[in-house]
Amino acid sequence: MDSHALAPNRDWAPHALPATVLVGRLQSSPQGLSDTEARARLAPPESGERGRLAIALAELAEALLEPLQLLLLVVGVLAAIFGELRDAIAIFSVITIVAAVEAISEARAERALRALRELSAPTARVRRGGVVRAVARREVVVGDVLELGSGDLIAADCRVLAAAGLRVGEAALTGEPTGAAKDPEPVPVDAPLADRSSMVYAGTAVLAGAGTGLAVAVGAESELGRLGRLVAEAKEPPTPLQRTMRELARTSLVVALLACVLVPVLGALRGQPFRQMLLDGLTLAFATIPEELPILVTVLVAVQGIRLARRGVLLRKLRAAEAVGAATVLLSDKTGTLTENRLRLIHVEGERTHVLAAAVAALGGAGTQDPLDRALLPPGGGTVPHGVARRFPFDPRRGRESAAWTDGEGTYVAVKGAPERVLAECAIASAERERVLEHASELAREGLRVIAVACRTMGAIPRSWQDAERDLSLVGLAAFADPLRAGVRDAVSTLARAGVRTILITGDHPATATSIARQAGLVAGPALQGGDALGALSDGELSAHLSSETVIARASPADKQRLVRVLQGAGEVVAVTGDGVNDAPALAAADVGIAMGARGTDLAREAADLVLTDDAYPTIVTAIAGGRGLATQLRRAVAFYLGAKVALVATIAVPLALGLPSPFGPAEIVLLELFMDIGASVAFTSEPVDAETMRNPPRDPARRFLDRAEISAIALTAASLVAATLPAYLLVRPLEGAAAGGATALVAWLLSNSAIAWSLRTHPGQNMARNVAFPAWALAAALTAMIFALTPAAAALGLKQLHAPALALAVAAAAAGTALAAVGRRALSLSHRL
């Protein structure tokens with residue numbers, strides 16, 4: 001059957017039609033489609049070859065139209081007009097290479113982003129031939145019957161077929177901040193989107209409850225698809241470092257433009273040929289432009305992202321690679337994060353059969369993935385009354401859930417939840433209530449998760465949870481154990497030594513939370529409780545509490561989000577871990593949201609910046625160490641690059657100011673920057689993470705990137721390279737001519753640049769086998785220097801093959817520059833300050 005024949009047109013109103021009518025119209029059934037029919041309805045994937053070519057051309061055009069590239073184009077065109085074909089070819093080669101690298105990098109980033117979306121994309125649970133299975137969201141077709149549960153991101157616009165306490169967050173569509181209740185009853189044709197209670201929409205999240213829905217629109221035909229809110233090829237936002245680099249690029253552009261104007265003007269005033277002065281000005285501008293800096297930064301971040309992925313850390317957002325290393329506080333969820341989220345029922349207080357039957361009845365027959373609920377259910381299911389009449393799903397604000405069952409003669413209400421919340425609605429004596437609560441606290445202090453179970457009978461079906469959950473009879477208590485994950489205690493200790501404070505925040509009982517915190521190695525006093533107790537504190541008072549508290553219990557999603565905001569207001573860089581729907585607001589609000597990948601809900605993963613693919617808490621240590629290592633190597637690589645740029649400009653500008661020709665032309669600059677950029681990016685990205693990284697506090701987030709240490713490193717690099725090249729040029733040029741002087745400066749630069757970069761390493765004296773990139777860089781530069789010094793290859797750049805005295809001078813100058821860098825590194829303590 002043609003799938004397009006089933007596609008709904010925009011005039012129909014599925015929200016107003018009875019569900020049975022829609023099932024027939026879409027030629028589906030309550031058991032869903034067969035595999036054969038689903039495959040027939042799935043639209044064939046578009047080849048996309050033309051689209052990919054168009055995207056590649058657009059990226060190339062964007063790269064060519066950047067201001068720095070446009071200036072290079074002007075320089076190249078003028079060089080060609082003035083007959084300097086060698087320089088023009090060199091400049092156009094640089095333009096082509098840089099633009100191609102940027103376009104390829106963008107294309108690869110898009111492919112990686114698509115692959116990441118495919119890897120971490122939420123799946124949909126659909127019925128195929130009566131069997132529920134998970135399929136990729138793109139494989140959902142019109143007519144599929146979807147199973148909906150708490151935490152799911154809905155894969156298609158669906159007509160609700162059945163609902164049990166189903167609430168959906170539709171803020172992306174309607175702007176309503178509260179969850180929308182859903183049920184199968186049709187609504188009027190002219191009902192606005194926010195009032196279509198019989199519909200759920202693609203891209204929205206199930207906040208509570210469960211149900212089933214019939215897919216009536218998918219992909220571009222869904223409401224979100226029509227509004228364009230699901231962007232398939234979204235680009236990641238720039239990182240703070242990238243923004244800093246762009247500011248530097250703009251400054252460099254201004255300097256380059258000034259060079260283009262001032263050098264010819266000053267030269268003309270001194271009586272020098274205007275044409276030569278214009279070429280010299282363009283050469284200086286060419287040397288000033290940091291066209292490769294964005295590539296250098298991107299390479300560093302991308303390589304670190306690949307390393308982290310290999311160790312179980314998936315970067316969903318580029319900024320997370322930097323931000324995670326700066327974290328000062330880690331707000332950790334308990335269940336599923338510190339613990340295994342594999343609860344085992346180990347103790348029942350009361351008549352066991354009755355307690356378990358009532359607890360299962362409180363679920364209201366809804367399917368559940370909650371570990372506690374699964375632990376309650378025996379292999380054959382629980383014994384419950386015949387028909388569920390109404391269900392009131394768990395709400396963190398009231399701390400309970402309940403269901404009303406009827407057998408035609410009466411209504412039975414079963415309730416389960418936090419002991420203090422359930423007992424508050426039980427009709428028992430105060431002394432008995434206190435005794436039960438004390439016993440529940442004793443169990444919780446042993447690290448157990450405790451729930452209370454209650455019930456009542458009614459003459460009519462309750463209309464609300466307020467009617468259902470009052471005048472209850474206590475049935476008993478059930479206690480569950482959730483063991484601590486392997487490696488958690490060591491991870492918490494490592495983070496503490498690294499200056500990252502861990503705060504446990506959970507919706508559990510305070511005693512349970514405190515017990516788990518102590519097992520994890522946290523110094524845990526009495527827990528601060530969420531809800532009204534937390535709400536009574538001002539932000540200032542809460543901030544003071546958080547300076548010492550390590551456990552927050554009975555916290556709601558709103559509480560978690562507020563804690564993040566208050567800590568950020570106090571100057572902390574906040575990382576949040578979590579795996580559940582209730583963690584999503586805090587994950588999104590945090591500087592770094594860290595979700596569990598294997599067991600985390602779709603909503604938690606979508607809200608997070610990082611996803612731990614192995615669900616191992618110690619992997620957080622790996623992520624933070626990797627982030628710090630990245631920040632350190634970025635600072636060192638950028639210091640070297642900018643220092644080398646300053647040196648290059650100075651080496652060209654000083655002779656021009658003295659009325660001498662420039663030692664380097666565009667072709668030589670291309671060669672030098674080839675070693676500067678490729679050498680620095682490969683060498684610094686290959687640096688191992690320093691063992692001391694996790695023994696020191698994080699870098700103060702308030703410090704500027706270009707702080708005193710960074711500027712000192714830039715100045716040292718520049719001074720060392722200038723000392724290695726400029727004297728060699730000025731000494732040789734009067735004796736052997738400008739060509740020999742330029743060759744001497746070129747050789748001195750090549751011999752010294754990798755050695756000077758070596759001085760910026762954290763441990764310059766470490767075993768070379770730990771990072772072979774640095775010695776390989778030095779060897780390649782030395783070999784290239786010798787080729788230009790001792791063979792006719794120098795003529796290709798308009799230079800002169802060196803005689804022994806000039807070569808000896810170049811080697812001596814390079815050694816002097818390297819020595820200056822080594823002495824300066826020790827004097828400025830750069831190994832530890834960067």
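I looked up Leu 269 and found it exposed, with a relative accessible area of 69%, where exposed means over 50%, buried under 20% and partly exposed in between (1.4 Å probe, protein chains only). The model is a predicted one, in which local features need pLDDT of at least 70 and side-chain atom pairs count only at pLDDT 80 or more, while totals for chains, interfaces and linings use all residues. Residues are numbered from 1 along each chain as its sequence is written, and side-chain values use heavy atoms, with hydrogens and water left out.

I placed Leu 269 in helix H9 (residues 240–269); helices (H or I, at least four residues) and strands (E, at least two) are DSSP runs, numbered from the N terminus.

I then checked for cavities, each being a set of points on a 1 Å grid over the protein atoms alone where a 1.4 Å probe fits but cannot get out, with lining residues having an atom within 4 Å of a point. The whole structure holds two cavities of 30 Å³ or more, a volume being the space filled by probe spheres set on the points, which are joined across faces, edges and corners.

I recorded about 40 Å³ for the largest cavity, whose lining includes Leu 331, Asp 333 and Lys 560. For the second largest cavity I recorded about 30 Å³, with Arg 449, Phe 480 and Asp 482 among its lining residues.

Terms used: On a 1 Å grid over the protein atoms alone, a cavity is a set of points where a 1.4 Å probe fits but cannot get out, and a pocket is an open set with protein on both sides within 12 Å along at least five of seven lines; lining residues have an atom within 4 Å of a point.
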